[in-house]
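Hi,

Here is the structure I said I would pass on. Have a look at it first, and my notes on what turned up are below.

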Amino acid sequence: MIQYLQEIGYENASNDEIIAASKQIRRELRERGEEVTYTELRKQSIRREMERLDGGALDTHESDVIDRVFDKWLSERHASADRNLFPFASSSLQIVRDQYPSVVIGAITNGRGSPFHMQSISHYFDFCISGEDDGVFPLRKPSSGIYEAALKKYEELKNKNVHNVNWIHVGDDLANDVGASAACGAKTI
């Protein structure tokens, strides 16, 4: 993202400034009692960095530039996640698929990260639910709403009622993943 900003003329673009802008925007949103998606937060942060470097407000046509900068960031986010998977993640998913061929594997994410954009593991997943999806936002983890959306997706895929199934949630955050999914009936790892 920074490299792309520099390539299009923002030579002094700074990741630290974008992070600082993101923190400031979050504070402003909290004070107003508003929520935005992580995508919108990142785009607003990019806009603020471009405004900082331009010395003022941007023209409306700059939204296209902001979208392109964000798309560069998102593409690299997926590539980086793919390069930095936990050891044995792919082989573990393969073992689950081999031993349980009818299993449904889904991803639940608060943002735009999706296993479908990670070449090494995309083929293992049946669905991805994002906290930015229509009908889900603003019900991000740890809200039960995002887990309920995932269970509904399972019902659609398998034509089964979720009250009769066991589901396992593997998460990396004790409160947002483990505790929240357990409260919705998951066995957690």
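Before the details, one term: I call it a salt bridge when a side-chain nitrogen of Lys or Arg lies within 4 Å of a carboxyl oxygen of Asp or Glu. Please also keep in mind that this is a predicted model, so everything below is computed from predicted coordinates.

With that cut-off, arginine 52 and glutamate 17 form a salt bridge through their side chains, at 3.7 Å from N to O. The two come from distant parts of the chain: arginine 52 sits in helix H3 (residues 38-54) and glutamate 17 in helix H2 (residues 15-32), 35 residues apart. How exposed is arginine 52? It counts as partly exposed, because its relative accessibility is 41%. Glutamate 17 is partly exposed too, with a relative accessible area of 34%.

A second pair also ties H2 to H3. Glutamate 28 and arginine 48 meet in a salt bridge at 2.5 Å, N to O, and again the link is between distant parts of the chain, with glutamate 28 in H2 and arginine 48 in H3, 20 residues apart. Arginine 48 has a relative accessibility of 30%, so it counts as partly exposed.

Then there is the pair of arginine 83 and glutamate 76, whose side chains form a salt bridge at 2.5 Å, N to O. Here arginine 83 is exposed, with a relative accessible area of 55%, while glutamate 76 is partly exposed at 40%. Some salt bridges share partners, and these join Glu17, Glu49 and Arg52 into one network. The structure holds 11 salt bridges.

Helix H3 deserves a paragraph of its own. It has 17 residues and spans 24 Å from its first C-alpha to its last, close to the 24 Å expected at 1.5 Å a residue. Which of its residues are buried? In H3 these are Thr39, Leu41, Ser45, Ile46, Glu49 and Met50. The cover over them includes helix H1 (2-7), H2 and helix H4 (62-83). Just after H3, glycine 55 takes a positive phi of about 80°.

Leaving out residues up to four places away in sequence, serine 45 touches Ile18, Ala21, Ser22 and Ile25.

Now for the nonpolar cores. The largest has 14 residues, and the members that touch the most others are Leu5, Tyr10, Ile46, Met50 and Val69. H1, H3 and H4 each supply at least two residues of this core, and H4 gives the most, with 5 residues.

Cysteine 184 counts as partly exposed because its relative accessibility is 22%.

Finally, the overall picture. The secondary structure comes to 7 helices and 4 strands, and from the N terminus on the elements run α-α-α-α-α-β-β-α-β-α-β. The C-alpha atoms fill a box of roughly 60 × 35 × 30 Å, taken along the principal axes. Of the 189 residues in the protein, buried ones make up 35%. Among contacts with a separation of 6 or more, 46% are between residues 24 or more positions apart. The protein exposes about 11600 Å², and carbon and sulfur atoms supply 48% of that.

Cheers

How values were computed: Residues are numbered from 1 along each chain as its sequence is written. This is a predicted model: local features need pLDDT of at least 70, side-chain atom pairs count only at pLDDT 80 or more; totals for chains, interfaces and linings use all residues. Side-chain values use heavy atoms; hydrogens and water are left out. Buried means under 20% relative accessible area, exposed over 50%, partly exposed in between (1.4 Å probe, protein chains only). The expected span of a helix is 1.5 Å times one less than its number of residues. Contact means heavy atoms within 4.5 Å. A nonpolar core is a set of buried Ala, Val, Leu, Ile, Met, Phe, Trp, Tyr and Cys residues joined through side-chain atoms within 4.5 Å. Accessible areas come from the Shrake-Rupley method with a 1.4 Å probe; for residues, only the protein chains shown count as cover.
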